[in-house]
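Work through the two exercises below with the sequence and the model open beside you. Each task is followed by a solution that goes step by step.

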Amino acid sequence: MTNNRYVLNWIDEMAALTKPDKIVWIDGSEEQAEALRAEAVASGELVKLNPELYPNCYLHRTAVNDVARVEDRTFICTTKKEDAGNINNWMAPAECYEKLGKLFRGSMVGRTMYVIPYSMGVPESEFAKIGIELTDSIYVVLNMLIMTRAGQHILDILGDSPDFIKGLHARADIDEKNRYICHFPEDNTIWSVNSGYGGNVLLGKKCFALRIASYLGRKEGWMAEHMLILGVEFPNGEIKYVSAAFPSACGKTNLAMLIPPEIFRKKGYKVWCVGDDIAWLRIGKDGRLWAVNPENGFFGVAPGTNEHSNPNALAATKKDTIFTNVALNTDNNTVWWEGLDDNPPKHCIDWKGNVWDYTKYDKKDKTTCAAHPNSRFTAPAVNCPCVSSEFNSTTGVPISAIVFGGRRAKTAPLVYQSFNWQHGTFVGSIMASETTAAAAGAVGVVRRDPMAMRPFVGYNMGDYFAHWLAMGKRIPNPPKIFHVNWFRTDSEGHFIWPGFGDNMRVLLWILDRVEGKVDAKETAIGYVPNLDDINIEGLNLTKETLANLLDVDKEAWKQDIANIKEFYALIGDRVPAELYQELEALEARLDK
Ligand code: GTP
Ligand code: SPV
Ligand code: MN
């Protein structure tokens, strides 16, 4: 345990509020984790899966009303409302503590409070930051043990320091009307109540590593981003690193674990995964931008994951994994989800815990799904066959290119390059994507999602843009900035680009551009590949189709401009003048 007064006093205070029957410190040992798994199985919180086929794997079902992040119930509580900005929900800190205090009061009576000391990042690294989460959920404890570096050694490293993020979570009544995910960046505090689902309750992830960390990054001169990190290994053994920001459920995990098409594999190309969701970026002594993944596991989308789309993710889930809201095949006690294979189990319990009738399953009707569309796996990073040798590096990896992207049926071409950092920041700021099941609410609606950070910036979005511009001025050798879209559709709504492993073809163009190896076509929105510079060998795709994928539809872009203006106006008066200049310049180029 610890003698740290700040830690002990805070826990006393939180225990006096929530009144748990007992307090258990999570030490990180396998014995303690195993005892908790057994306890959760006995209570029905976890289902133990077939130990031959899925050793040390478990299934958990959340409440039916509690299956995704809740953006409308997520608050940034700064003293001044302007510091949270118009894109975030805001509550005054005192009001929020008071309101949530009532919900937390006595919420752990008859329950156990677990104390989870954890580090985001390799604890020995300069990048790393420590958090302590107090929770009454064994599911949260077991997930945090996979997703972070947790246990007694973190308390030892913390020593007497007050420098840790204080997280309090209680399941309370899982009452959606009283569900709150609240952040107090000025107090290094996170309070989450009435949920038991992933991003709402694994407080090291979105709450700390993005919302609180983005706030700290701005103060301290670094960046916390919703980005995967991957390394492309060339046949000569050289590795170049790329980070990419796509909104939730838009392909980060898939790109991070990409397996190159055979023609590239034969030549010796490989892809290594450093991270699949979050990147912390700092300027290195050599003047480049360096990135670490602060997490230690993957909380990945299950549906659609299969032998062909993402064999690396699938392999990662074969042991030591917790599945959330997938279907249970009761014939052999294994898991299933839509898109795993074309053999829905004959005897099955769906994500709601009901017997599921496979004969009524209709691929086009999400209400007939056995697994929830946002069902997830929590797998240790070490399980992934393509995990990078730099995964535990204390310095991280140098980033050559930053890639933005989203789901756009029409406007955005397959890939384009920004003119420079300022224009690249503008490209990130106008990102848009169709919404997905990762957050509660309508699916498939286009919304602006700057840098894929709309739900995750812990301060004013205008200030966030300014921070990007300021960072660009400070990085002597900045990465080049690109934008991709794997999701253009034809008139029947089918994806035109094959995606997944074939995205390698686009990554190689990006890295060729970084190296100055290929020319490009200058268009109104940025540099677009010349047709011959994207290798489509072995693809069932004609040059004409590629030309369509790369086409910049000026009319569609002009229609987008009005929406961008509205969005900037919504963010308010802290949008930097440089971005308005970029917007005007884009408009002028489109009119030419
Ligand atoms: P979060 O964990 O929510 O942040 O999501 P993510 O960005 O990691 O998304 P993920 O890789 O899990 O992909 C989400 C969905 O997009 C899955 O259903 C994938 O099958 C699908 N997807 C991923 N990459 C591609 C692609 O290149 N093309 C197409 N068509 N679909 C893709
Ligand atoms: C996302 O929604 O971007 C996720 C899943 O990565 S969650 O942890 O629930 O935020
Ligand atoms: Mn994510």
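Domain bounds are those of an automatic or database domain assignment. This is a predicted model, in which local features need pLDDT of at least 70 and side-chain atom pairs pLDDT 80 or more, while totals for chains, interfaces and linings use all residues. Residues are numbered from 1 along each chain as its sequence is written, chains are lettered from A and ligands numbered from 1 in the order in which they are written, and side-chain values use heavy atoms, with hydrogens and water left out.

**Exercise 1.** Describe how domain 1 and domain 2 meet.

Step 1. The chain is divided into domain 1 (5-46 + 69-220), domain 2 (225-293 + 391-591) and domain 3 (298-383). The centres of domain 1 and domain 2, taken over C-alpha atoms, are 32 Å apart.

Step 2. Counting contact as heavy atoms within 4.5 Å, 32 residues of domain 1 touch 36 residues of domain 2.

Step 3. Buried area is the accessible area (1.4 Å probe) that two parts lose on being put together, summed over both; between these domains it is about 3000 Å², with 55% from carbon and sulfur atoms. Arg 69, Ile 87 and Phe 127 supply 27% of the area that domain 1 buries against domain 2, more than any other three residues.

**Exercise 2.** Find which atoms of Gly 251 and Thr 253 lie by an oxygen atom of ligand 1.

Step 1. Look for polar contacts, here pairs of N or O atoms within 3.5 Å.

Step 2. For Gly 251, a backbone N or O atom lies 2.9 Å from a ligand oxygen atom, and for Thr 253 a backbone N or O atom lies 2.8 Å from one.

Key:
A polar contact is a pair of N or O atoms within 3.5 Å; within protein, one must be able to donate a hydrogen and the other to accept it, and residues adjacent in sequence count only if both atoms are side-chain atoms.
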